[in-house]
Amino acid sequence: MSEYQSTLLRVLSERGYIHQVTDAAALDALAAKQIVPAYIGFDATALSLHVGSMVQIMMLRRLQQAGHKPIVVMGGGTTKVGDPSGKDESRRLLTDDAIAGNIASIRRVFERFLKFGDGPTDAILVDNAEWLDALEYIPFLRDVGQHFTINRMLAFDSVKLRLEREQPLTFLEFNYMILQAYDFLELSRRVSCRLQMGGSDQWGNIVNGIELGRRIDGAELYGLTTPLITTADGAKMGKTAAGAVWLNEDQLPAYDYWQFWRNTHDGDVGKFLRLFTDLPLDEIARLEKLQGAEINHAKIVLATEATRLCRGGEAAVQAQTTAQETFAQGGAGHGLPTLKVTEGSIGIITALTVLGFAASNGEARRKIAEGAVRLNDVTVTDERYEIVLDENGPVKLSLGKKRHGLLQRS
């Protein structure tokens, strides 16, 4: 559909969020005339979401900016089951206390991106354990299970791929798609939710929920998915050699978060500015046209704006200043990740692994052998080198041109 009438779909389309819509014309007409409550579900498998969830978080932000109501659904119930989509093996099952702790921690990030409250377009956060934990097995099978055929469930990619690889799929996981569909039914009843959004891998689950709502309640529900966001080199968004890029400050320092965005491929700058910042489209168009060394300015803008949304303005400015001090001026920026050392010295390999610059001792040795490791900008070639720390201030440890940290006597 080329021309949308509603601000919601027009903004989502212009910024690159739309992959599939179940009934674009009807959803567009609805969004043009009334507030549309819409939800995205997030399972609580860790204390923080990672940057791979940013497209979904930003889509809820766009929804609210367009005058509609975001519903954040935390999967306190579905986390106990585990979504098989894209997974090769079953999830580790978490206790109720661990799930509750994860939800409390994750909520802090959403509060940076959305305005919560009791107003008509204020965001709300709900936990699907509220209704899933109360389900009775036999009534649920009778009332809901009759609308799902095994034939269709086996055709879903999340199930089919696991079976084709001859990897076990538990009956517990097999139920996930039914529970997610039931979430949409419950939300339509409880908070008049009309739209479910999610990644492209959730299309089948979303359609299931729409069908269930139509069959049981005669509800008119809609679905919208985002494209799979990949980087210019074909990698999945958010995957790095150093591990997950966590959104919570507790799991990843603001400088490292800023640096992730600063390291964006040249070809991704425009796309990422549209998806992950609030900059106007005309300003983004200007930035993505920059060539050569000037594209680095656009990357700095991207890193600072993305960090400002997730970590706050002060953290974003501090991260940018630290980078300026570290790279442009050759100094040791004060906002770098810091390792406090209680002893008077620490081995170079230990320092690399504890700071997270290397995933293993073997990788640390390889980086040293390649000449990629420096102390205070001097290359270290001895893997047995002991870094001596005293009261004269921190020592800067660098891996390559972009990873820097400080070692300090505690």
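This is a predicted model: local features need pLDDT of at least 70, side-chain atom pairs count only at pLDDT 80 or more; totals for chains, interfaces and linings use all residues.

Helix α13 spans residues 269-276 and helix α14 residues 281-288. Helices are DSSP runs of H or I with at least four residues, numbered from the N terminus. The two axes come within 9 Å and cross at roughly 160 degrees. Axes are lines fitted to C-alpha atoms over the stretch in contact, and angles run from 0 to 180 degrees between N-to-C directions. The pair is therefore roughly antiparallel (over 145 degrees; under 35 is roughly parallel, 65 to 115 roughly perpendicular, the rest oblique). From α13, G270, L273 and R274 make the contact; from α14 come L281, I284, L287 and E288. Contact means heavy atoms within 4.5 Å. These residues divide into four nonpolar, one polar and two charged. Ala, Val, Leu, Ile, Met, Phe, Trp, Tyr, Cys and Pro count as nonpolar, Asp, Glu, Lys and Arg as charged, and the others, Gly among them, as polar.

Next, helix α12 (residues 254-262) and helix α15 (residues 295-311). Their axes lie 8 Å apart, at an angle of about 140 degrees. α12 and α15 are therefore oblique to each other. Their crossing is right-handed. On the α12 side, A254, Y257, W258, W261 and R262 take part. Their partners in α15 include I300, L302 and C310. By class, the contact has nine nonpolar, three polar and three charged residues.

Helix α3 (residues 54-65) meets helix α4 (residues 96-113) with axes within 10 Å, crossing at roughly 45 degrees. That makes α3 oblique to α4. The α3 residues are M54, I57, M58, L60 and R61; V109, F110, R112 and F113 answer from α4. Seven are nonpolar, none polar and two charged.

The structure holds one cavity of 30 Å³ or more (a set of points on a 1 Å grid over the protein atoms alone, where a 1.4 Å probe fits but cannot get out). The largest cavity has about 50 Å³ of space. Helix α11 (residues 203-217) gives the most to its lining, with four residues.

Terms used:
Residues are numbered from 1 along each chain as its sequence is written. Side-chain values use heavy atoms; hydrogens and water are left out. Helices (H or I, at least four residues) and strands (E, at least two) are DSSP runs, numbered from the N terminus. On a 1 Å grid over the protein atoms alone, a cavity is a set of points where a 1.4 Å probe fits but cannot get out, and a pocket is an open set with protein on both sides within 12 Å along at least five of seven lines; lining residues have an atom within 4 Å of a point. Grid points are joined across faces, edges and corners, and a volume is the space filled by probe spheres set on the points. A crossing is left-handed if the near helix is turned anticlockwise from the far one by less than a right angle, and right-handed if clockwise.
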